[in-house]
Amino acid sequence: MPALPREEVAHLARLARIDMPDAELDHLAEQLTAIVDAVASVTGAVARAEAESGRPVPATSHPLPLRNVTRPDVVVRTLTAADALAAAPESEDDKFRVPRILGEDA
Amino acid sequence: MSTTGSELVRLDASAMAAALRSGEVSSVELTQAHLDRIAEVDGPVESGVHAFLHVDGEGALARARELDAARSRGEELHELAGVPVAVKDVMVTRGMPSTAGSRMLEGWVPPYDATVVEQMRAAGLVTLGKTNMDEFAMGSSTEHSAFGPTRNPWAADRIPGGSGGGSAAALAAFEAPLATGTDTGGSIRQPAAVTGTVGVKPTYGGVSRYGLIALASSLDQGGPCARTVLDTALLHEVMGGHDPRDSTSLTDPVPAVVAAAREGARGDLTGVRVGVVREMGRAGHDEGYQAGVLQRFEEALDHLRSAGAEVVEVGCPNVEHALGAYYLILPSEASSNLARYDGMRYGLRVLPADVDPAEVTAEQVMAATRAKGFGPEAKRRIVLGTYALSSGYYDAYYGSAQKIRTLVQRDFAAAFEQVDVLVSPTAPTTAFRLGEKLDDPLAMYRGDVATIPANLAGIPGMSLPVGLAPEDGLPVGLQLLAPAREDARLYRVGAALEARLHAQWGGKLLDRVPAWTPASTTGAPA
């Protein structure tokens, strides 16, 4: 099983939008390597089950059979703008105020 | 009133309800007795039980007064009306802080109630406050709470289990007679086991997830916690039922769990087939299981036999891979669910220190906010989930884990062809020491080995106390599992076992919990 090098953990942390100092990355790389090593046995277990039965095992994404659920398109009571904005870090003119989301050249 | 407050808080919820109905006690008196008990044992954070993150004394007494007034007007009230309840902080409560144990939501006051909170309010339960938990329900000890751990009422240097350690400790310390939990991999059942209390993870979809702060949506399930099987059933019936606001909610009526608990309490299990899961602690599969846990489990099997049940061993070979599958599926779903904490619309927002505030981008704010707002376990699981879902690894890890899920479901389905319920120890050990596994995530994860399979398969499970381990004097839990939608079986068999154990002990296990001794604040774990 490949170890998770620090560079890969740094890449994953960037994807997950979490700033992480070097010391934290080192520690996390060590722990994740051990965890991935322990959980990776699932791959072999599935391969053995498929070889024994001669059939692929279907994936289960959900514990019980599900149907899509809809409701009639009628107006119901919802949060007011004031309620929704009450916990906002910043708001302005009944809207969430957020930092710049586009670069200069966008 | 002839009963003192310290005696009142030790009653079962059903006995409290009866005393309220007969007029022997008022809801205000009962609520005040619990607030007094909380004031006595819950603080300070450094040495108290610390089961609560937020206590709403004023709100609870105001609600109790309303209920007492309604009762005196002769209004028809729910059986549990006026009885206090403690709510896990993962359930959102309008006007009351809801943090899920995270700095990310510190100070957040939700604008709406979870469906279960509405249901409990409609039934007249009095909310005392919000209970401590591992951050976003990630953990088995409550040590991952951003606000400091909860202590086990049996021994202040021990963990109360997790993630719902606050709810379980509140019950065991007589701070609340009823409490709520959520169970994604054992977060109701394992805390129940290590505190000598009862907890049930209902069938997936049996209790609404609307307003339950999401961890892993295909595994998360809310459920009841109490000190007896009957009390757990009474709360289950309040919390259960179809909710149109949760698209995964079952449309079935709530199973008749109270009737099942009352029937079971007669102690007769003639004709009931009980399967002992070989891969959960039997010979050859007992690595990591504590001797005293296995001993009390064996004795409980004898009680089931003497109640008339037929006890056989059954194999569920794929449950041995459940832990691995769970720690791929859970982080994957969690990394997606926790993406919403971005510092934009609610909760914490942190501006990076080294960037001009006029120039800062949303992405930089997100990364700084998430670095500060999430604790180590949340970060570990988010990064692990990001890895498991990344291209190149997705099929090998997440894909295989989903196939293990199928295999575990098939094993349970085959087992339930032969038996009515399955049993195992709930947790392989009694409560470990605070700090013992804090920086060894794998050791912490292995404690969930017997509870996780039920979440993968969506089936219901219960933990109930079966004694104290001889070597450390700490509670041992037995886990019951039943097929999906057959939650009532847990209550029937659980109540029968409980009745026999109570007869053997001459009372409840919690009668033996020592008087609370606060933790020593010198040398306490950080």
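This is a predicted model: local features need pLDDT of at least 70, side-chain atom pairs count only at pLDDT 80 or more; totals for chains, interfaces and linings use all residues.
Student: How is an aromatic pair described?

Tutor: Two values are given for the rings: the distance of the centres and the angle of the planes. Take Phe136(B) and Phe374(B): their centres are 6.0 Å apart and their planes are at 70 degrees. Planes over 60 degrees apart count as edge-to-face, so this pair is edge-to-face.

Student: Where in chain B do Phe136(B) and Phe374(B) lie?

Tutor: Phe136(B) is in the loop between strand E3 (126-131) and helix H6 (165-172). Phe374(B) is in the loop between helix H12 (362-373) and helix H13 (376-388). The pair links distant parts of the chain, 238 residues apart.

Student: Are Phe136(B) and Phe374(B) buried or exposed?

Tutor: Both are buried.

Student: How is the size of an interface given?

Tutor: Often as the accessible area lost when the parts come together. For chain A and chain B that area is about 4,800 Å², with 68% of it on carbon and sulfur atoms. In residues, 52 of chain A are in contact with 58 of chain B.

Student: How many salt bridges does the rule find across the interface of chain A and chain B?

Tutor: Four. A salt bridge also joins the side chains of Lys403(B) and Glu50(A), at 3.2 Å from N to O.

Student: Which elements of chain A give two or more residues to the side that touches chain B?

Tutor: Helix H1 (6-15), helix H2 (22-39) and helix H3 (41-53). H2(A) gives the largest share, ten residues.

Terms used: Residues are numbered from 1 along each chain as its sequence is written. Chains are lettered from A and ligands numbered from 1 in the order in which they are written. Side-chain values use heavy atoms; hydrogens and water are left out. Rings of Phe, Tyr and Trp (its six-membered ring) pair if their centres lie within 6.5 Å; planes under 30 degrees apart count as stacked, over 60 as edge-to-face and the rest as tilted. Helices (H or I, at least four residues) and strands (E, at least two) are DSSP runs, numbered from the N terminus. Buried means under 20% relative accessible area, exposed over 50%, partly exposed in between (1.4 Å probe, protein chains only). Contact means heavy atoms within 4.5 Å. Buried area is the accessible area (1.4 Å probe) that two parts lose on being put together, summed over both.
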